[in-house]
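Hi,

Here is the structure I promised to pass on to you. Have a look around first, and then read my notes below.

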Amino acid sequence: MAPDRWEPAAFKTRVDEVLHRFTAQEADQFAAIDPLLGPVAEQVEASVADGKRLRAAFCYWGWRAVGQPDSDALVRAAASMELVHAAAVVHDDLIDDSPLRHGRPTAHIALRGAVRRRPRADAAARSLAMLVGDLLMALAGQLFATSGLPAAYLARARPLWSVMARELIAGECLEILRTGAGPDTSASLKVIRYKTAKYTVEQPLLIGGALAGAGAQLREGYSAYGLPLGEAFQLRDDLLGLFGDPERTGKANTDDVRGHRPTPLLAETWRLADHEDRARLRVLLGRRRADADALDTVREMMRRLKAPDRIEDMIGARVREALGALHELDVPAHASSALTALAQSAADRLS
């Protein structure tokens, strides 16, 4: 990877190598405690098998934009962001009872095989998955602390880990507390801001910047770029979640409606709907196991009301806001170019 040229595939390879080596070692040590732990250890490794490594990339460029050089130790530290994401995904899939991720069974589904002959097997599998997520979060901190960066650099960034965890968990809690409540676009945007936007873009940037010794003005610029871009990322995810091709997304495209989740897409549909449409929505969203016809009806209603177009407008506005903030930053040209490319990748992805 050329140090001043953004090559996403080469960077992903570097991060993958770190993650796969680290989780393999940790999984081996975990399974060595007792043979029964083998299936749990396998899920630790499976959790980082896939991914675009966007969070690691934002951390990396948070460092590089300060003027710091390419560094293998920094890549290790940045890779820890992907373990935070892996932990969040395991917990989120568990909370949402999602069956698929990257086209494979989610952790709580995969672990049913380890407990299939035990009482309350489904509950036991869910408990194991919860613990996998907890272990992944602990491993994220371990990888960060042992990255090889100087202790003084790590100390500058360590307080941001508490902020990241607090905001991520607050967002997940808000989604649970608002699920089934009256649709509200403002409230839904707050959920995605804390559940996804901050730990996907803003916090990795800020952590990379803190490691590099970024000043207050640059940190403010990172937030001005990162928050709207993180929201655009999740808004795109919401659209893909309902209208995307499961073969490409690797996820079931019915979870949000069946779970009556407080997404901006649903909130905008409700806002645009008339009395008759709202009555139909109440019936459809009230079905715990909505069938394919019911889900198609929801999609057709959303399209007719142009709710997806509203979400596209919100995505576009946030990307423009992020890029506007980026262009105000006094950062090296190669960093600005990379962060511009990352903005497009985050908001325009197909899966």
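Please keep in mind that this is a predicted model. The structure holds 2 cavities of 30 Å³ or more. The second largest cavity contains about 60 Å³ of space. Its lining is made of 11 residues, and those closest to the centre are Arg178, Ala181, Gly182, Pro183 and Pro262. Sorted by class, the lining of this cavity has 4 nonpolar, 4 polar and 3 charged residues. In case you wonder how such spaces are found: rolling a probe the size of a water molecule over the atoms shows where empty space is left.

Next, the pockets. The second largest pocket has a volume of about 220 Å³. Which helices each supply at least two residues of its lining? They are H4 (72–96), H6 (121–145) and H7 (151–178). To find the pocket on your screen, select Ala87, Ala88, His91, Ile95, Gly133, Asp134, Met137, Leu168, Ile169, Glu172 and Cys173, which line it. This lining has 7 nonpolar, 2 polar and 2 charged residues.

Now for the helix pairs. Two packed helices are described by the angle between their axes and the distance between the axes.

Helix H4 turns up again here, with helix H3 (residues 54–64) as its partner: the two axes come within 7 Å and cross at roughly 145 degrees. The crossing of H3 and H4 is right-handed. On the H3 side, the contact is made by Leu54, Arg55, Ala56, Cys59, Tyr60 and Trp63. H4 brings Leu74, Val75, Ala78, Ala79, Met81, Glu82 and His85 to this contact. By class, the contact of H3 with H4 has 10 nonpolar, 1 polar and 2 charged residues.

The other pair is helix H9 (residues 216–243) and helix H15 (residues 307–327), whose axes come within 8 Å and cross at roughly 155 degrees. Because of that angle, H9 is roughly antiparallel to H15. H9 passes H15 in a left-handed crossing. Residues of H9 in the contact include Ala224, Tyr225, Pro228 and Phe243, while among those of H15 are Pro308, Ile311, Arg318 and Leu326. How many polar residues does the contact of H9 with H15 have? There are none: the contact has 16 nonpolar and 5 charged residues.

Enjoy exploring, and write back with any questions!

Best wishes

Definitions and conventions: Residues numbered from 1 in each chain as written. Predicted model: local features only at pLDDT ≥ 70, side-chain atom pairs only at ≥ 80, totals over all residues. Heavy atoms only, no water. 1 Å grid on protein atoms, 1.4 Å probe; cavity = no way out; pocket = protein on both sides within 12 Å on 5 of 7 lines; lining within 4 Å. Points joined across faces, edges and corners; volume = space filled by probe spheres on them. Helix = DSSP H or I, 4+ residues; strand = E, 2+ residues; numbered from the N terminus. Nonpolar A, V, L, I, M, F, W, Y, C, P; charged D, E, K, R; others polar. Axes fitted to C-alpha atoms, helices over the stretch in contact; angles between N-to-C directions. Parallel < 35°, antiparallel > 145°, perpendicular 65-115°, else oblique. Left-handed = near helix turned anticlockwise from the far one by under 90°. Contact = heavy atoms within 4.5 Å.
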